[in-house]
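Please look at the sequence and the structure below. This briefing covers the ligand, its surroundings and the salt bridges.

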Amino acid sequence: MCSVKIAVIGSGDVGQALAKGLVEVGHSVMIGTRDTSKKELKWTKKHDKSKLSVGSYAEAADFGEMAILAVAWHAAENVLGIIRPELSGKIVIDVTNPLQFSDDEGPQLAVGHNMSAGEMVQQTLTDAHVVKTLNTINFKNMVQPQFKDGTPTMFMCGNNESAKAHVKELLTELGWQDIQDIGDIEKSRLLEPLCLLWIEYGALNDTWDHAISILKK
Ligand SMILES: NC(=O)c1ccc[n+]([C@@H]2O[C@H](COP(=O)([O-])OP(=O)(O)OC[C@H]3O[C@@H](n4cnc5c(N)ncnc54)[C@H](OP(=O)(O)O)[C@@H]3O)[C@@H](O)[C@H]2O)c1
């Protein structure tokens, strides 16, 4: 893929990891945040501003020819309300997991079974092409994933075939080799619980460096 301007909507661990990885493979990125002076983003200043910059959510969404939604789920509705016009007609990669936390239980899904975050994002961004992916891996392994036990699988789903083809190309650039298209955005109902399985495995085995892999005989 030739160099693309990408909005990374979110400045947490995921937003920073993806921004760094995308710049490394030749794309131009603007990270969107509420606080452009956030100390965690100081590292971005080492980069050429034309390649990596930080702006408000709306500035980033306006900058990007495509976007990645990487905000906390509880904030997603508000953030999408701000950037919806800027994302019209664009590919939006949704990496969110609709997690809710309580003191006495582990993380739970805030939506599930008969609805999903991916579908809610697509319903809000009616004119955008939402592709759900990268929600079943730790931010540390989202870019150039390397596992001694084999090749990790990354699933994706979305309603627009051309958008998924572009996202597949981007994931390939980020080092993913086994990318599985599992259908339309409704399949987010399967991908979001898979994140809970990934978390459960991590908690039971005291590791956060694992990945899901489909093995074929
Ligand atoms: N961490 C992982 O390894 C991982 C893996 C797969 C998927 N995910 C999903 O990816 C998304 C991002 O995860 P993360 O770990 O990077 O960080 P996070 O803490 O879930 O989200 C950080 C982002 O959410 C924004 N945010 C939080 N509260 C907000 C509010 N009230 N209004 C507006 N924005 C608000 C923050 O804004 P500021 O920029 O202003 O601080 C920041 O940009 C989440 O949906 C998560 O479930 C995470």
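In this predicted model, the side chain of threonine 33 places an N or O atom 2.6 Å from an oxygen atom of the ligand. The ligand on its own has 880 Å² of accessible area, and the protein covers 76% of it. The ligand sits in the largest pocket.

- For threonine 33, the atom 2.6 Å from a ligand oxygen belongs to the side chain.
- For phenylalanine 139, a backbone N or O atom lies 2.9 Å from an oxygen atom of the ligand.
- For alanine 72, the distance from a backbone N or O atom to an oxygen atom of the ligand is 3.1 Å.

**The shell around the ligand**

- There are 26 residues around the ligand, and those that come nearest are Ser11, Thr33, Arg34, Lys38 and Val71.
- By type, the shell consists of 13 nonpolar, nine polar and four charged residues.
- The element that gives the most is α3, with four residues.

**Salt bridges**

- Side chains of opposite charge can pair when their charged atoms come close.
- The whole structure holds eight salt bridges.
- One of the salt bridges joins lysine 132 and aspartate 94, whose closest N and O atoms are 2.9 Å apart.
- Lysine 132 belongs to strand β8 (residues 129–133) and aspartate 94 to strand β5 (residues 91–94), so this pair ties together parts that are 38 residues apart in sequence.

**Check your reading**

- Which element gives the most residues to the shell around the ligand? It is α3, which gives four.
- In which strands do lysine 132 and aspartate 94 lie? Lysine 132 lies in β8 and aspartate 94 in β5.

Note on methods
Residues are numbered from 1 along each chain as its sequence is written. This is a predicted model: local features need pLDDT of at least 70, side-chain atom pairs count only at pLDDT 80 or more; totals for chains, interfaces and linings use all residues. Side-chain values use heavy atoms; hydrogens and water are left out. A residue is near a molecule or strand if one of its heavy atoms lies within 4 Å of it. A polar contact is a pair of N or O atoms within 3.5 Å; within protein, one must be able to donate a hydrogen and the other to accept it, and residues adjacent in sequence count only if both atoms are side-chain atoms. Accessible areas come from the Shrake-Rupley method with a 1.4 Å probe; for residues, only the protein chains shown count as cover. On a 1 Å grid over the protein atoms alone, a cavity is a set of points where a 1.4 Å probe fits but cannot get out, and a pocket is an open set with protein on both sides within 12 Å along at least five of seven lines; lining residues have an atom within 4 Å of a point. A molecule sits in a cavity or pocket if more than half of its atoms lie within 2 Å of its grid points. Helices (H or I, at least four residues) and strands (E, at least two) are DSSP runs, numbered from the N terminus. Ala, Val, Leu, Ile, Met, Phe, Trp, Tyr, Cys and Pro count as nonpolar, Asp, Glu, Lys and Arg as charged, and the others, Gly among them, as polar. A salt bridge is a side-chain nitrogen of Lys or Arg within 4 Å of a carboxyl oxygen of Asp or Glu.
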